[in-house]
Amino acid sequence: MTKSAKVYVQVAVDMDERGKMMPREIAWEDGSKFAIDRVLGVVPAAAQKAGGQGDRYTIRIKDRITSLFFERSTNLSGPVIGRWFVERK
């Protein structure tokens, strides 16, 4: 079985006053942007195909349901709190 690649992506995120992050748009490697219609759920989970772990956001873009992962940084100081990735199919 071939391991899928992690693809780190740029994500536009809203953050509320409690610190809750809600992704709103993904920019793919080629610059294509996709609006996230809805976040269906958020759970701590491993990326089964690409490896790694973080928070798995189950999202809907148009009529397609997919997963977006937030990989938390281990460095607790500074402005970088983590990175977003998807699993290449």
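Accessible areas here come from the Shrake-Rupley method with a 1.4 Å probe. The model is a predicted one, and the exercises below refer to it throughout.

**Exercise 1. Describe the fold content and the surface of the protein chain: how many helices and strands does the chain have, and what share of its residues is buried?**

Step 1. Counting the elements gives 0 helices and 7 strands, and reading from the N terminus they follow one another as β-β-β-β-β-β-β.

Step 2. The chain has 89 residues, and 31% of them count as buried, where the cut-off for a buried residue is a relative accessible area under 20%.

Step 3. The accessible surface amounts to about 6,300 Å², and carbon and sulfur atoms account for 49% of that surface.

Step 4. Turning to contacts between residues at least 6 apart in sequence, one finds that 36% of them join residues at least 24 apart.

**Exercise 2. Characterise the aromatic pair formed by Tyr-8 and Phe-85: what is its geometry, and which strands hold the two residues?**

Step 1. A pair of aromatic rings is described by the distance of the centres and the angle of the planes.

Step 2. The whole structure contains 4 aromatic pairs; in the one formed by Tyr-8 and Phe-85, the centres lie 5.9 Å apart and the planes make an angle of 65°. Planes over 60 degrees apart count as edge-to-face, so the Tyr-8 and Phe-85 pair belongs to that class.

Step 3. Tyr-8 lies in strand β1 (residues 6-15) and Phe-85 in strand β7 (residues 82-87), so that the pair, with its partners 77 residues apart, links distant parts of the chain.

Step 4. Phe-85 counts as buried because its relative accessibility is 0%, whereas Tyr-8 counts as partly exposed because its value is 33%.

**Exercise 3. Examine the backbone at Lys-62: what is its phi, and is the residue buried or exposed?**

Step 1. Most residues other than glycine have a negative phi. At Lys-62, phi is near 55°, a positive value in a residue that is not glycine.

Step 2. Lys-62 is placed in the loop between β5 (53-61) and β6 (64-72).

Step 3. Lys-62 counts as exposed because its relative accessibility is 67%, and the cut-off for exposed is over 50%.

Note on methods
Residues numbered from 1 in each chain as written. Predicted model: local features only at pLDDT ≥ 70, side-chain atom pairs only at ≥ 80, totals over all residues. Heavy atoms only, no water. Helix = DSSP H or I, 4+ residues; strand = E, 2+ residues; numbered from the N terminus. Buried < 20%, exposed > 50% of the residue type's maximum accessible area, 1.4 Å probe, protein only. Contact = heavy atoms within 4.5 Å. Phe/Tyr/Trp six-rings, centres within 6.5 Å; stacked < 30°, edge-to-face > 60°.
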